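User: I would like to go through this model and ask what stands behind each label. Please set the values against the cut-offs where a step needs them.

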Amino acid sequence: MNKSKYLYPSDYMADPSAHVFENKIYIYPSHDRESGIPENDNGDHFDMRDYHVFSLEDVQDEVVDHGKVLDVKDIPWSGRQLWDSDVTEKDGKYYMYFSMKDKNDIFRLGVALADKPYGPFIPQSDPIKGSYSIDPCAFKDENGCYYLYFGGIWGGQLQFYRNNKIVVPNELPKADEPALTPKVVKISADMLEFSEQPRDLVILDKNGTALRQGDTEKRFFEASWMHKYKGRYYFSYSTGDSHLICYAIGDNPYGPFTYQGVILSPVVGWTTHHSILEFKGKWYLFYHDSVPSGGKTWLRSMKVVEIEYDENGHIKPINGLSS
């Protein structure tokens with residue numbers, strides 16, 4: 001499957017987080033809509049209000065829409081903008097981690113529970129204590145530990161924080177200073193809170209130096225994803241304003257990670273957001289672009305394409321415009 005395919009042409013879905021549950025692929029995307037809000041660097045035009053769940057018996061099959069499983073109006077602490085989410089499973093329960101602005105317009109992370117991978121998901125009454133920013137990725141390691149990766153600059157508000165506290169002024173580092181890092185935290189045994197303070201996930205260049213803020217084609221912007229391949233940890237992410245999906249490899253879930261290269265070159269639309277999984281012996285990249293909407297970056301459509309690794313465990317890059 002070296003040619004990508006759109007998964008759900010009848011509506012706009014973005015940020016697809018894909019997992020294998022019950023021997024099927026389940027996809028948890030954001031649900032884009034036409035809000036009429038002008039575009040700006042804070043991302044106010046991405047004004048999503050609910051989540052749907054989709055499933056695939058096989059990658060070539062037609063996707064099944066399981067309908068709306070969580071709505072802004074169902075979340076007691078909700079403000080606006082129900083952004084990216086991810087789902088994991090423990091002991092037969094399914095946990096959706098989602099990002100949304102609270103009533104003070106600050107992004108927090110919440111959790112909602114379901115008995116089935118297709119929901120519906122019932123939210124907790126409060127956000128996760130100590131949570132902030134956007135784009136949670138829930139990763140289950142082989143030893144049974146669960147981790148949450150999160151963060152996003154600009155509209156994702158990561159630049160508001162240093163050492164997990166809001167600071168003033170809320171500014172990005174200078175170009176020659178170390179870039180802001182995504183965060184990693186172990187999830188508590190009940191899956192509802194952090195079991196520790198979030199840690200910096202440091203991405204290094206090949207010389208062992210932390211990436212700089214000015215290195216915009218390599219440094220982290222948003223869209224964390226974690227997977228393992230042949231015993232090593234692969235942290236992939238979006239560079240945002242340079243429009244790439246890149247990855248770094250490490251030897252434990254906390255890092256540090258060493259930058260390896262580009263997975264996906266720019267697509268139509270401001271940027272993309274992805275997930276990676278193995279299914280029936282093959283590896284797939286789920287992502288989105290804005291081709292069906294005529295390039296409207298807030299109206300995105302989810303896609304899938306097969307990816308390959310070379311003999312050294314490097315991911316072969318994909319052309320976002322022609323694949």
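Analyst: A pocket here is an open set of grid points with protein on both sides within 12 Å along at least five of seven lines, and its volume is the space filled by probe spheres set on the points. The model is a predicted one.

User: What makes a residue part of the lining, and which residues are closest to the centre of the largest pocket?

Analyst: A lining residue has an atom within 4 Å of a point. The largest pocket is lined by 20 residues, and His19, Val20, Phe139, Lys140 and Leu277 are the closest to its centre. Two or more lining residues come from each of these elements: strand E2 (13–21), E6, E10, strand E17 (222–229) and strand E21 (275–279). By class, the lining has 11 nonpolar, 3 polar and 6 charged residues.

User: What is the volume of the second largest pocket, and how does its lining divide by class?

Analyst: The second largest pocket holds about 410 Å³ of space. Among its 26 lining residues, Gly43, Phe46, Trp83, Glu222 and Trp270 are the closest to its centre. The lining divides into 8 nonpolar, 11 polar and 7 charged residues. Gly counts as polar in this scheme.

User: Why is Val69 called buried?

Analyst: Buried means under 20% relative accessible area. Val69 has 6%, so the label applies. Val69 is found in strand E5 (residues 64–71). Beyond four places in sequence, Val69 touches Tyr51, His52, Val53, Met96, Tyr118, Gly119, Pro120 and Phe121. Val53 is 16 residues from Val69 along the chain, with 6.9 Å between their C-alpha atoms.

User: How is Lys101 classed, buried or exposed?

Analyst: Lys101 has a relative accessible area of 4%, so Lys101 is buried, the cut-off being under 20%. Lys101 lies in strand E7.

User: What makes the pair of Lys101 and Gln81 a polar contact?

Analyst: A polar contact needs a pair of N or O atoms within 3.5 Å, one able to donate a hydrogen and the other to accept it. The side chains of Lys101 and Gln81 are joined at 2.9 Å, so the distance meets the cut-off. The residues that Lys101 touches beyond four places in sequence include Asp44, Trp77, Gln81, Phe107 and Gln157.

User: How do you know that E7 and E8 pair?

Analyst: Two strands pair if there are at least two bridges between them. Strand E7 (residues 93–102) and strand E8 (residues 107–114) have 8 bridges and run antiparallel. Within this pairing, Ser99 has Leu109 in E8 as its bridge partner.

User: Why are E6 and E9 called edge strands?

Analyst: The open sheet has 4 strands in the order E6-E7-E8-E9, with antiparallel pairing. Strand E6 (78–90) and strand E9 (122–123) each have a single partner strand, so one side of each is left without a neighbour in the sheet.

User: What makes E23 a mostly covered strand?

Analyst: In strand E23 (residues 301–307), 7 of its 7 residues are buried. Ser301, Lys303, Val305 and Ile307 point one way, while Met302, Val304 and Glu306 point the other way. In a regular strand the side chains alternate between the two faces of the sheet.

User: Which strands pair with E23?

Analyst: Strand E1 (residues 5–6) pairs with E23 over 2 bridges, and Tyr6 stands opposite Lys303. Strand E22 (residues 282–289) pairs with E23 over 7 bridges, and the partner of Asp289 is Ser301. Both pairings are antiparallel.

User: How many residues lie between E17 and E18 in their hairpin?

Analyst: The hairpin has 2 residues between its strands, and Lys230 in the turn has a positive phi of about 50°. E17 and strand E18 (residues 232–238) run antiparallel and are joined by 6 bridges, with His227 opposite Tyr234. In E17, 8 of its 8 residues are buried.

Definitions and conventions. Residues numbered from 1 in each chain as written. Predicted model: local features only at pLDDT ≥ 70, side-chain atom pairs only at ≥ 80, totals over all residues. Heavy atoms only, no water. Buried < 20%, exposed > 50% of the residue type's maximum accessible area, 1.4 Å probe, protein only. Contact = heavy atoms within 4.5 Å. 1 Å grid on protein atoms, 1.4 Å probe; cavity = no way out; pocket = protein on both sides within 12 Å on 5 of 7 lines; lining within 4 Å.
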